[in-house]
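User: I would like to go through this structure with you, beginning with the contacts between chains. Could you set out the terms as we go?

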There are 2 protein chains.
Amino acid sequence: MKIQLALDRMTVEEAIEMTRQVEDYVDWVEVGTSLIKEFGTSSIRALKEAFPNKIIVADIKTIDNAKYEFQLCFEAGADLATVMGVAPPVTIETCLHMAAQYDKRVMVDLLNTNEEHIQQLRQYDAAIFCAHVSKDQQEIAGKQTSAHAGIRKSLSAEWAVAGGISLDSLDILAKLSPTVVIIGSAITKAANPKAAAKQIKEYILSIEERAHA
Amino acid sequence: MKIQLALDRMTVEEAIEMTRQVEDYVDWVEVGTSLIKEFGTSSIRALKEAFPNKIIVADIKTIDNAKYEFQLCFEAGADLATVMGVAPPVTIETCLHMAAQYDKRVMVDLLNTNEEHIQQLRQYDAAIFCAHVSKDQQEIAGKQTSAHAGIRKSLSAEWAVAGGISLDSLDILAKLSPTVVIIGSAITKAANPKAAAKQIKEYILSIEERAHA
């Protein structure tokens with residue numbers, strides 16, 4: 001179970017500084033949608049240059065103009081870029097095509113998809129699927145994991161889980177064995193981000209050790 | 001019927017130069033999603049500073065993190081910002097709330113919505129709705145207007161129409177009396193953008209005169 005550090009609502013310089021503090025405890029580094037929209041794709045380039053050995057995820061949330069946007073991400077150094085599951089199928093297919101050309105990966109964000117959507121998306125088995133409780137939904141519902149729980153059974157591909165995940169919710173989520181847990185504010189807003197990341201990493205390792213024991 | 005000039009897949013400097021060429025013939029100026037994602041929200045600020053008397057539309061295509069993204073747009077000088085119709089309702093509602101706070105407007109992009117979505121969206125009557133054939137859909141289907149035709153009847157609010165619109169398709173669209181026609185490449189990729197914009201503007205004026213005769 002990998003940890004994807006989600007960097008949002010901060011400057012590019014703060015994102016680099018934050019990643020530097022916690023890099024020993026995270027696997028993938030996500031340039032959040034807010035960084036891309038606020039500062040452009042140069043934010044992706046800056047993170048890849050600062051951390052060339054990390055998998056850089058560009059959370060560009062493409063919903064149209066797939067070729068152009070995915071080219072921007074991959075040329076800027078992203079190893080993986082996101083497309084919305086609610087995008088038209090041609091958009092998702094173009095993203096997969098671009099990723100294949102660049103030998104990179106696609107993450108399909110399942111935000112606001114329903115079971116019918118998810119069934120249609122199963123065909124895209126080269127993609128990583130991301131079960132996602134949105135920031136806005138968290139704000140009304142509070143931190144929750146119930147929305148993640150139904151996903152695993154409907155997708156056989158690699159998958160990620162995102163949205164308000166903290167040490168408290170990890171226990172439930174870990175039972176679902178996602179490939180990636182995406183963690184933002186539980187690390188970036190912690191009083192001590194390094195300690196928080198270390199604690200989460202060690203907790204995941206302990207869960208995995210128990211599972212293999 | 002207003003003309004919204006969509007600026008996409010170019011630099012901010014090119015966008016300003018393009019707008020300067022055609023400003024006499026367009027009403028609203030859209031900072032395209034590709035400009036925002038490639039260069040950040042400074043693209044919005046640059047266009048508003050260059051054209052303080054134009055309505056500036058930030059096509060940010062929000063699908064989450066609505067408060068933060070809409071604040072970015074409005075603080076940068078946008079008069080109107082876009083949210084996806086396929087976003088969670090709370091996201092759309094947050095956009096409307098932010099717009100009311102700033103005394104600005106919301107455009108709801110109907111890309112990939114179905115009739116059920118559209119019925120649910122009708123309640124947001126402060127918004128402008130945008131019937132949208134996506135760039136990616138245009139690339140497989142060719143320029144088409146059929147996808148726009150069904151929209152007018154289901155929405156009583158102000159509405160816009162976007163996606164591959166040219167002088168050829170204006171005739172059909174004009175009969176549907178949208179509030180705004182969003183035109184990109186038919187102007188920006190024309191050999192002579194100023195002449196193309198003038199021709200489109202005069203054509204719309206002639207249609208409107210005939211309608212009032």
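Analyst: A salt bridge here is a side-chain nitrogen of Lys or Arg within 4 Å of a carboxyl oxygen of Asp or Glu. This is a predicted model, in which local features need pLDDT of at least 70, side-chain atom pairs count only at pLDDT 80 or more, and totals for chains, interfaces and linings use all residues. Residues are numbered from 1 along each chain as its sequence is written, chains are lettered from A and ligands numbered from 1 in the order in which they are written, and side-chain values use heavy atoms, with hydrogens and water left out.

User: How many salt bridges cross the interface of chain B and chain A?

Analyst: The rule finds 2. In one of them, A:K37 pairs with B:E69, and the closest N and O atoms are 3.0 Å apart.

User: Which elements of chain B touch chain A?

Analyst: Helix 2, strand 3, helix 4, helix 5 (89-102) and helix 7 (135-141) of chain B each give two or more residues to that side. Helix 2 of chain B gives the most, with 6 residues. Helices (H or I, at least four residues) and strands (E, at least two) are DSSP runs, numbered from the N terminus.

User: And what area is buried between the two chains?

Analyst: About 2,900 Å², of which carbon and sulfur atoms give 56%. Buried area is the accessible area (1.4 Å probe) that two parts lose on being put together, summed over both. B:K37, B:D64 and B:D136 supply 24% of the area that chain B buries against chain A, more than any other three residues. In terms of contact (heavy atoms within 4.5 Å), 35 residues of chain B meet 35 residues of chain A.

User: Where is A:T41, and what does it touch?

Analyst: A:T41 is in the loop between helix 2 (33-39) and helix 3 (42-50) of chain A. Leaving aside residues up to four places away in sequence, A:T41 touches A:I36, A:L72 and A:A76, as well as B:K37 and B:E38 of the other chain. Its relative accessible area is 6%, so A:T41 is buried; buried means under 20% relative accessible area, exposed over 50%, and partly exposed in between (1.4 Å probe, protein chains only).

User: Turning to helix 3 of chain B, which residues are buried?

Analyst: In that helix (residues 42-50), B:S43, B:I44, B:L47 and B:K48 are buried. Seen down the axis of helix 3 of chain B, the buried residues fall within an arc of 130°, so they line one face of the helix. The arc is that of the directions from the helix axis to the C-beta atoms.

User: What do they pack against?

Analyst: Their partners in chain B are strand 1 (2-7), helix 1 (12-22), strand 2 (28-31), helix 2 (33-39), strand 3 (55-62) and helix 4 (66-75).

User: Which backbone angles deserve a look?

Analyst: Most residues other than glycine have a negative phi. A:K61 has a positive phi of about 50°; A:K61 lies in strand 3 (residues 55-62) of chain A and is buried at 8% relative accessibility. B:D103 has a positive phi of about 55°, and is in the loop between helix 5 and strand 5 (105-109) of chain B.

User: Is B:D103 buried or exposed?

Analyst: B:D103 is exposed, at 72% relative accessibility.
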